[in-house]
Amino acid sequence: MVAHKFTVDLNKPLVFQVGHLGESYQEWVHQPIVSKEGPRFFDSDFWEFLTRTAWWAIPTIWLPVVCWCISMSVRMGHTLPQTALMVAFGIFLWTFVEYVLHRFLFHIETKSYWGNTIHYLLHGCHHKHPMDGLRLVFPPAAAAILCIPEVYLGM
């Protein structure tokens, strides 16, 4: 019996194909496909829509949230220097957390079906399709879902 190596069909949605690459996933994901238009991830138009985000959507969505948080801090009685210190600490903490996630989670080596699939969704697509302008930033819908525990832990 001859084992056939799985190949990804770029004309079909990719997300649920990449898991089948197994140990070949790491080599495959680090061979970029350079094109302005990114691949389709899902069959569903709804899920596909949630994976695409223009870069300018991030400041448009998150800057008002940051401003609201700063205003709440001032309303709670924090002084301007205290608020500035908290903002500076928040920027430092976010930069550190982003670095740690990128270094230790986004570059983890996976071999299993679900490991490869989740890695591709979170960061592998960035390596495979580096010029995909609509997948350069983390989608706000996914970020909002991940923020829910943070909001409840902080209250």
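At 38% relative accessibility, Leu 93 counts as partly exposed, where buried means under 20% relative accessible area, exposed over 50%, and partly exposed in between, computed with a 1.4 Å probe on protein chains only. The model is predicted, so local features need pLDDT of at least 70 and side-chain atom pairs count only at pLDDT 80 or more, while totals for chains, interfaces and linings use all residues. Residues are numbered from 1 along each chain as its sequence is written, and side-chain values use heavy atoms, with hydrogens and water left out.

The protein has 7 helices and 0 strands, in the sequence order α-α-α-α-α-α-α; here helices (H or I, at least four residues) and strands (E, at least two) are DSSP runs numbered from the N terminus. The radius of gyration is 19 Å, whereas a compact globule of 155 residues would be near 15 Å; the value is taken over C-alpha atoms, and the globule rule is 2.2 Å times the number of residues to the power 0.38. Along the principal axes, the C-alpha atoms fill a box of roughly 75 × 30 × 25 Å.

Of the contacts between residues at least 6 apart in sequence, 68% join residues at least 24 apart, a contact being heavy atoms within 4.5 Å. There are 10 positive and 11 negative side chains, and the centres of the two sets lie 2 Å apart. In this count Lys and Arg are positive and Asp and Glu negative, with His and the chain ends not counted; each charge is placed at NZ of Lys, CZ of Arg, CG of Asp or CD of Glu.

The UniProt record (an unreviewed entry) places the feature "transmembrane region" at residues 53-71, 83-101 and 136-153. Such positions are given in the numbering used here, feature names are shortened, and annotations may be inferred rather than shown by experiment. Residues 83-101 are 100% helix and 0% strand, with end C-alpha atoms 26 Å apart. Residues 136-153 are 78% helix and 0% strand, and their end C-alpha atoms are 29 Å apart. Leu 93 sits in helix 5 (residues 80-105); its C-alpha lies 32 Å from that of Phe 41, 52 residues away in sequence.

Thr 53, in the loop between helix 3 (45-50) and helix 4 (57-75), counts as buried because its relative accessibility is 6%. Beyond its neighbours within four places in sequence, Thr 53 contacts Ile 58, Gly 133, Leu 134, Arg 135, Val 137, Pro 139 and Pro 140. Asp 132 belongs to the loop between helix 6 (113-128) and helix 7 (140-154) and is buried, at 4% relative accessible area. Leaving out residues up to four places away in sequence, Asp 132 touches Ser 35, Lys 36, Gly 38 and Pro 39. Its C-alpha atom is separated by 40 Å from that of Val 74, 58 residues apart along the chain.

Finally, Met 72 lies in helix 4 and is partly exposed, at 27% relative accessibility. Met 72 and Thr 53 are 19 residues apart in sequence, and 28 Å separates their C-alpha atoms.
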